[in-house]
Amino acid sequence: MQPSLERHAHLIDFAISSLLRRKGKNLSLLAVYVLIVFVIASLILFVQALRREASLVLTGAPEIVVQRMVAGRHDLIPVSYGADIVSIRGVSEVVPRFWGYYYDPVFGANYTLMVPDQSPPAEGTIVIGPGVARNQRVKSGDLLTFRGASLQPLLLTVGQILPQQSELVATDLITLSAADFQAMFRLPPGTATDLAVKVANPREVATVAAKIAERFPDTRPITRSEILATYDALFDWRSGMMVVILGTAVLCFIICAWDKATGLSAEERREIGILKSIGWETTDVLLLKFWEGTVISLTAFLAGLSLAYAHVFFFSAGLFQHALKGWAVIYPDFRLTPSLDPYQLGILFFLSVVPFVAATIVPSWLAATTDPDSAMRS
Amino acid sequence: MITLSDVSKCFNRGLPSQFTAVDQVSLRIDAGGITVLKGPSGSGKTTLLSLIGCMARPTSGRILLEGVSPPFPCPGENGLDISSLPERFLTEIRRRTFGFIFQQFNLIKGIGVLENIMLPAYPLGEPHAKLRARAIVLLERLRLERHAGSRLDWLSGGELQRVAIARALINDPAVIIADEPTAHLDSRLSLEFMEILSGLAGSGRTVLIASHDPIVYDAPSAARVIEMRDGRITAAQ
Amino acid sequence: MAHIRPSRWYMLVTGAALGFVVAAGFHASLNKDADQMDLLYRADLVRRHRLTDLSLFTEARYTRHPAMADLHSAFQDHPMALEHFPSGSFISPPALLKRNHATKP
């Protein structure tokens, strides 16, 4: 080994022996440190993966959805609006969507019911999302009972259960035929829940939305980019909330580190004096402190990050299910697509490793610049 | 070996508490043998040792080291003037030329004996195996080999003193500087200590001791005793 | 030699941890193809059904249908409950609020 490398190896040797002297204190510090990095890294990985998922999966969503508002509340939209909207330049297709919510009082869950305009299930049969199947404990071929609009129970056969991959977009979804939908909700003739508008050129979406809002003042056009932005904001808010909580934890931790470092004990001061008196330079002492800080914080960073990766992508963020995913009657049981974003990792690194190392080195600076003969006079 | 000319050291200069610890001292210490600085506490012995040992710079006067080849280019043919060198160079000379033994031993508690001995060599980047082998040889020479793996806290006073000696020797210095080394030792251990030091002096090292312990300055191996009082040399034999 | 230096241990442990992180990166890129298939499936389902949202947590409007809900809606965190934002995203509403008056089929 080169002398300069060997010097670092020696300093690491000594840094570790020094840390091991206060074994209990430093190990518990390390444990807390790993825990904090683990929580923050889990959060970052989870939210990042979810955002990525939303932006990738929703590329196929309708460019614009037009909803009718009456007195500020959502209302059914006349299908006839569609003929007018399709005449706007840039609109290639308008399709009425028939969907709604159904609250099941027995299982206490809310389902999203929908009539697909392409190949809907045959009358009397339904296709259900995996979450519905779990919630109702049914399999393909079973009968499900719904409350119809005329108080008549409606018996529908489960024709198909959507596969596991659909969890993230369709866990609570039930698709059914238009006739069954009518039997259940009895929409007035000529109305739909909302209108899906297809716009071929993405640059025209905003203009088209403005024209729709202008032509039909009682509607609210929602663009796909707004929905994606909502997801961003949602997870920003959620992660923001978490960051506040964790920020407090990190702050506590920094205060501890600061306290530990500024309250450089008389013992540590004496040791620095001894090191200087036996021929260590100020830079040697600072390098030693650097390694002391690095041994703890880098280990904590790497361990916390590895644990967080396993936690989020192998165990679906199980420990934070409630904090990260919210509570729900129907939990989507999804596995996120693993990804590591170097930018996010860089931020995490600078947030977790650098402050601690700095808090270890800076206070030693003053102690290390004392004259080497001070140890002789003590 | 070491030449001091008109060396003074002033503390708290310009303040009401100003005092002169070393006052116009001129001295020549030859290579090899034991030199004892004798005098009551506060006579300036420790300050003089720290000036010679490159721990502090004199306020005025010059200190010349001969037979030292520093790892940096330096002017002057008849020795190296250490009184005006920047701190980095002073440290460099100090750790290659001097070994220190302190009154309080100044060992690092909680870590191993072997590690304590190797500490002064750590910043030099010597290969670990070589350094360790050297430290073990020193341990054997000072009859500490059975303590190689021990923690410092388990050692007796005499053993601690020998660890301090071993640490002073790890960089193979030409000069050993000891400040009141027997202050915490009983007579038997003090005699043993002087025996070890005379052995070192016999092997060609220069040994400088500051002490007011008769066991030290009356020792037959103390080739030269310099008496100090109020920062000045009052007698030399 | 039986003696192993602490710095060697440290290098070993750090190297192993770094290995884990690198392995995680590999794992992320290794599964890309299989993950891509799943992603494509979901994207196709979204297109065919003209879906607009992820079905994340069905009981809060700002997760299940964040953009679809009424602007001034009152019944949101639970189908039967008054909205109790923001704790609604973390804690289920009290039992009293979950009572419903609908007749069972």
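1. The model is predicted: local features require pLDDT of at least 70 and side-chain atom pairs count only at pLDDT 80 or more, while totals for chains, interfaces and linings use all residues. Residues are numbered from 1 along each chain as its sequence is written, and chains are lettered from A and ligands numbered from 1 in the order in which they are written.

2. Chain B contains seven helices and ten strands (DSSP runs numbered from the N terminus: H or I of at least four residues for helices, E of at least two for strands). Its radius of gyration, taken over C-alpha atoms, is 18 Å, close to the 18 Å given for 237 residues by the globule rule, so chain B is as compact as a globular protein of that length. That rule is 2.2 Å times the number of residues to the power 0.38.

3. In chain B, four strands make an open antiparallel sheet in the order 2-1-4-5, where pairing requires at least two DSSP bridges between two strands. Strand 2 (19-29) and strand 5 (80-81) of chain B each have a single partner strand, so they stand at the edges. Seven bridges link strand 1 (residues 2-11) of chain B to strand 2 of chain B, and V7(B) stands opposite V25(B) in strand 2.

4. In chain A, I88(A) lies in the loop between helix 3 (81-86) and strand 4 (91-104). I88(A) is partly exposed, because 17 other C-beta atoms lie within 10 Å (buried means 20 or more, exposed 12 or fewer, partly exposed in between, with C-beta atoms placed from the backbone).
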